[in-house]
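Please look over the sequence and the model below before reading on.

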Amino acid sequence: NNNESPKRQWSLKDFDVGKPLGKGKFGRVYLAREVRSKYIVALKVIFREQMKKYGIHRQLMREMEIQTSLRHPNILRLYGWFHDAERIFMILEYAHRGELYRELRKNGHLSEKQAATYMLSLTQALAYCHEKDVIHRDIKPENLLLDHEGRLKIGDFGWAVQSRSKRYTMCGTLDYLAPEMVENKGHDFAIDNWTMGILCYEFLYGVPPFEAESQSDTFQRIRKVELNFPSTPRISTEARDLIGRLLVKDSSKRLSLQEIEEHPWIIKNADPSGICNTR
Ligand SMILES: Cc1cc(Cn2cc(-c3c(Cl)cnc4nc(-c5cn(C)nc5C)[nH]c34)cn2)no1
């Protein structure tokens with residue numbers, strides 16, 4: 001829209017750079033403050049030679065175009081970017097309460113109200129992305145952040161990062177691959193609906209549904225959709241119903257985002273404000 005502020009030319013001297021917040025294969029994220037406004041941001045720094053080495057320059061540009069155009073309360077804002085001779089810098093919204101994963105690990109699993117509230121936020125963010133033909137926002141828990149009020153933010157450009165704490169390594173993310181990915185078929189919007197099922201399970205049980213000793217066992221369990229629900233923690237029938245209607249091999253038979261929003265478990269448990277601080 002034409003009342004958009006003109007694209008400022010940013011440079012590193014506009015920022016006081018603070019502590020590192022996270023690091024990935026291609027770079028790091030730092031806490032930073034814009035000097036004039038004192039506005040706190042997260043500054044993601046990507047090393048050019050790493051970018052060349054992994055040949056991700058074009059993908060990065062496309063992802064940044066997408067991310068800049070997205071405006072949604074549950075999607076981390078990309079305010080702008082700049083570069084110098086050896087690095088590319090992205091000026092990102094700072095999520096004050098960090099990784100949702102930390103909350104999940106701290107409490108072992110989330111309450112049904114918290115899980116349903118985060119599921120609703122994710123569904124609304126993904127519905128917004130799908131309207132703009134953006135799929136596969138890479139919604140692994142490592143990429144889900146919480147703002148100062150505890151509101152969920154999808155915090156990444158859909159490319160692999162190593163989260164700061166070593167305990168969930170990158171290979172752990174294969175738990176999130178859908179059958180069509182594992183079997184190398186094309187994937188479409190429904191890929192995100194599968195991931196929503198994985199996430200909902202993990203929010204409620206603290207572990208992903210198809211976790212196994214080896215990668216091949218995990219692939220096997222994904223392909224056969226070997227889904228079982230442990231007896232503890234006790235999860236409501238509605239929650240298991242929702243998970244069972246998302247983790248469906250035939251992608252055309254998975255619940256749509258609209259149907260997730262209208263599911264009885266979501267209606268009964270989710271806080272529409274997206275903020276749920278009840279344990
Ligand atoms: C490279 C690379 C690493 C990562 C993963 N990552 C994301 C962040 C991050 C962003 Cl982008 C925005 N806000 C954040 N807030 C935190 C945070 C706040 N607390 C209290 N603790 C943390 C951690 N991290 C944020 C950092 N690393 N993506 O690409």
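Among the contacts in the protein with a separation of 6 or more, 65% are between residues 24 or more positions apart, where contact means heavy atoms within 4.5 Å. This is a predicted model, in which local features need pLDDT of at least 70 and side-chain atom pairs count only at pLDDT 80 or more, while totals for chains, interfaces and linings use all residues. Residues are numbered from 1 along each chain as its sequence is written, and side-chain values use heavy atoms, with hydrogens and water left out.

The protein has ten helices and seven strands; helices (H or I, at least four residues) and strands (E, at least two) are DSSP runs, numbered from the N terminus. Of its 279 residues, 50% count as buried, and here buried means under 20% relative accessible area, exposed over 50%, and partly exposed in between, with a 1.4 Å probe and protein chains only. The protein exposes about 13600 Å², of which carbon and sulfur atoms supply 53%; such areas come from the Shrake-Rupley method with a 1.4 Å probe, and for residues only the protein chains shown count as cover.

**Helix 6 and its two partners**

The axes of helix 6 (residues 190–205) and helix 8 (residues 237–246) come within 8 Å and cross at roughly 150°. Axes are lines fitted to C-alpha atoms, for helices over the stretch in contact, and angles run from 0 to 180 degrees between N-to-C directions. That angle makes helix 6 roughly antiparallel to helix 8, since angles under 35 degrees count as roughly parallel, over 145 as roughly antiparallel, 65 to 115 as roughly perpendicular and the rest as oblique. The crossing of helix 6 past helix 8 is left-handed; a crossing has this name if the near helix is turned anticlockwise from the far one by less than a right angle, and is right-handed if clockwise. On the side of helix 6 the contact is made by N193, W194, M196, G197, C200, Y201, L204 and Y205, and on the side of helix 8 by A239, R240, L242, I243 and L246. These residues of the contact of helix 6 with helix 8 divide into ten nonpolar, two polar and one charged; Ala, Val, Leu, Ile, Met, Phe, Trp, Tyr, Cys and Pro count as nonpolar, Asp, Glu, Lys and Arg as charged, and the others, Gly among them, as polar.

Helix 6 also packs with helix 4 (residues 112–131), at an angle of about 165° and with the axes 10 Å apart. Helix 4 and helix 6 are therefore roughly antiparallel to each other, and helix 4 passes helix 6 in a right-handed crossing. Here E112, A115, Y118, M119, L122, T123, L126 and H130 of helix 4 meet D192, N193, M196, L199, C200, F203 and L204 of helix 6. The residues of the contact of helix 4 with helix 6 comprise ten nonpolar, three polar and two charged.

**Single residues**

| Residue | Relative accessibility | Class |
|---|---|---|
| Q50 | 18% | buried |
| K38 | 54% | exposed |
| V45 | 6% | buried |
| Y176 | 7% | buried |

Q50 has its place in helix 1 (residues 48–54) and, not counting residues up to four places away in sequence, touches K25 and F26. The C-alpha atoms of V45 and E112, which are 67 residues apart along the chain, are separated by 37 Å.

Y176 lies in the loop between strand 7 (152–154) and helix 5 (179–182). Leaving aside neighbours within four places in sequence, Y176 is in contact with Y101, K140, P141, W194, T195, I198, L199 and E202. Between the C-alpha atoms of Y176 and M119, 57 residues apart along the chain, the separation is 16 Å.

**Backbone details in loops**

K38, in the loop between strand 2 (27–34) and strand 3 (40–47), has a positive phi of about 65° although it is not a glycine. V225 lies in the loop between helix 7 and helix 8, and its phi is near 45°, a positive value in a residue other than glycine. P233 is placed in the loop between helix 7 (215–223) and helix 8, and a cis peptide bond with omega of about -10° joins T232 and P233.
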